Number of protein chains: 2
Amino acid sequence: MAVYTEVTDEQVDAFLAQYDLGAVLSLKGIAEGVENTNYLLVTAQGQFILTLYEKRVDEGDLPFFLALMEHLAAKGVTCPVPLHGRDGRALRQLAGRPAVIVSFLEGLWPRRPQPRHCAELGAALARMHLAGLDFTMTRPNNLSVGGWRPIFEPCAGRAHEVQEGLADALAAELETLEADWPTGLPSGLIHADLFPDNVFFTGDRLTGLIDFYFACTDAFAYDLAICLNAWCFEPDRSFNVTKARVMLSAYRKVRPFSTAELEALPLLARGSALRFLLTRLYDWLNHPEGAFVKPKDPLEYWRKLRFHQQVSGPAAYGLD
Amino acid sequence: MAVYTEVTDEQVDAFLAQYDLGAVLSLKGIAEGVENTNYLLVTAQGQFILTLYEKRVDEGDLPFFLALMEHLAAKGVTCPVPLHGRDGRALRQLAGRPAVIVSFLEGLWPRRPQPRHCAELGAALARMHLAGLDFTMTRPNNLSVGGWRPIFEPCAGRAHEVQEGLADALAAELETLEADWPTGLPSGLIHADLFPDNVFFTGDRLTGLIDFYFACTDAFAYDLAICLNAWCFEPDRSFNVTKARVMLSAYRKVRPFSTAELEALPLLARGSALRFLLTRLYDWLNHPEGAFVKPKDPLEYWRKLRFHQQVSGPAAYGLD
């Protein structure tokens, strides 16, 4: 929740002169999204989101993300669509940052996801995977198994500050996952960060997906494993197998998955838990004094990892 | 910039059941305002602000603030107006906090105020002072001269962490102001926190005032002194006498001020600088590790205080 870059009236006016959106009626920083600065922009034409990309987003990836949103929207996946200016470009500079205006999506993200939300999510994820099949651009997942050790190593010496013995446990897990990480699973475009605050609902109906700035090319089942972790644990830390079952069932009604994908789920779920654990651990140990954003608790994902280490197979996720 | 209290879908639905605003289309936390949690609420009826009052606001003061906004709006001062529910009440509970829905104001706050903004502000401040003349409720200014020592004393021992010698300098200033603080000046309803982010403009036209949660009963000229500090210093720390002159001139065209008020301005400006210096110093020394909100630099107001200590009279503010 942050506005990292303040923009002046003059900068906004100059930026908007490239569009036909009418007079600016309101511009409010949004306290959601930890990576970029987002403003809710209201003009005579309606509501829009103005996003300024901050340093954690690689500028070289922006054409991929913007093209992806346009591709998905054209395929019927409701997501923000970048607006093109009079010069045809969607991406330009604002206050020294790359910036775009995207369409505004109605809906609320579920603060306490229920099984009905998980079912909607499963189906929407599968539709997104199918919609991405003919998206021709690719982007490697630099936060998959090959990317974890470079995050772990600078943290290893201080991981005990978070929990005694954490470094050894993570080193062992990393070794296991590096040795056994599944390959050859059906792959394509994945969202890779589909937490509840990136999924909008109106009532019980899913109305859109946002925040494609971790999207990449990887195994579809890994995207499901990320959602299992993000949607199916309760605040009391218990795993809600009902939520997992309805999510996976709804997914496979739209895109049936193979036996190999099903068998790989526990390991993919461990990997997904480790991925978020490591980036949170890194942020926890390295967040600057007085930072805008409160770092997220890495141990939440340690407990999720422990759960998946102990399951005996994919049946633990509620499937036959 | 913060969302301190997250609300669940169920809580919002139950809350909104008291109003006739139609279906919720969107609810986004706003990254502005450091005291309370604000959501931009979009329903079938339009845009509204949902405010949850956090601990720094005294619940006993809320009826004053809400009645004040209604009074000012009825007098033609554009400001947020609390909505009343079917039960007639504007104030109710949400997620364990007192909460209201207020009307949405169009406009942007000026990130870099120009003299034209300062002129608009001066006139609007005077109109607000006049509009408050027949507001019958009162609220003492607990952040005026009598309230400063209780903030200073717990900070005195650590003020040197911010700047060497600061504690002694503040103690001396506090003694001067306690001895010489002007009394008997024309008084009434003041805003007491009219920083640029609380004043909205569309183009060059001032369209509204927000955030009345420091409003109280005190000298009108003290409100002006707060605005001198908040609007008339440049990012390079210089005092922009043009901005001060147009602000004060525009003010006195609407509400002429007395010689006593004019003569008191330098001391009131010192007091206003000390007030913000002290609360910022307190927050600087006491903000919790990993807090949501980055504390503001107390030394900005130390430099403003030094400026006002050195002026020879109100002519320093550009008036004849």
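**Figure 1. Buried residues of helix α9 in chain B.** In this predicted model, B:Pro298, B:Tyr301, B:Trp302, B:Lys304, B:Leu305, B:Phe307 and B:His308 are the buried residues of α9(B). Their packing partners are three other helices of chain B, namely α5 (166-180), α6 (220-231) and α8 (259-286). Helix α9 itself covers residues 298-310 of chain B, 13 residues in total. From its first C-alpha to its last it reaches 19 Å, which is close to the 18 Å expected at 1.5 Å a residue.

**Figure 2. The open sheet of chain B.** Five strands of chain B form an open sheet in the order β1-β2-β3-β5-β4, and their pairing is antiparallel. At the edges are β1 (24-29) and β4 (92-94) of chain B, each of which pairs on one side only. The twist from one strand to the next averages 35 degrees. In general, the strands of a sheet pair through backbone hydrogen bonds, either parallel or antiparallel. Strand β5 of chain B, residues 97-103, pairs with β4(B) in the antiparallel sense over three bridges. Within β5(B), B:Ala99 is the bridge partner of B:Arg92.

Figure 3. The strands β4(A) and β5 (residues 97-103) of chain A run antiparallel and are joined by three bridges. In β5(A), the residue opposite A:Leu94 is A:Arg97.

Figure 4. Is A:Leu267 buried or partly exposed? A residue needs 20 or more other C-beta atoms within 10 Å to count as buried; A:Leu267 has 19 and is therefore partly exposed. Leaving out residues up to four places away in sequence, A:Leu267 touches A:Asp180 and A:Pro182. Along the chain, A:Leu267 and A:Leu305 are 38 residues apart, and their C-alpha atoms are separated by 9.8 Å.

**Figure 5. B:Cys227 in the largest nonpolar core.** The largest nonpolar core contains 190 residues. Those with the most contacts inside this core are A:Ala221, A:Cys227, A:Met247, B:Ala221, B:Cys227 and B:Met247. With its neighbours within four places in sequence set aside, B:Cys227 is in contact with B:Leu121, B:Leu125, B:Leu194 and B:Met247.

**Figure 6. Chain A as the setting for the close-up views.** Nine helices and nine strands make up the secondary structure of chain A. Its radius of gyration is 20 Å, close to the 20 Å that the globule rule gives for 320 residues, so chain A is as compact as a globular protein of that length. Taken along the principal axes, the box filled by the C-alpha atoms of chain A is roughly 60 × 45 × 35 Å. Of its 320 residues, 41% count as buried. Among contacts in chain A between residues at least 6 apart in sequence, 72% join residues at least 24 apart.

Technical notes:
Residues numbered from 1 in each chain as written. Chains lettered and ligands numbered in written order. Predicted model: local features only at pLDDT ≥ 70, side-chain atom pairs only at ≥ 80, totals over all residues. Helix = DSSP H or I, 4+ residues; strand = E, 2+ residues; numbered from the N terminus. Expected span 1.5 Å × (residues − 1). Buried ≥ 20, exposed ≤ 12 C-beta atoms within 10 Å, placed from the backbone. Contact = placed C-beta atoms within 7 Å. Rg over C-alpha atoms; globule rule 2.2 N^0.38 Å. Pairing = 2+ DSSP bridges. Axes fitted to C-alpha atoms, helices over the stretch in contact; angles between N-to-C directions. Core = buried A, V, L, I, M, F, W, Y, C linked by C-beta atoms within 7 Å.
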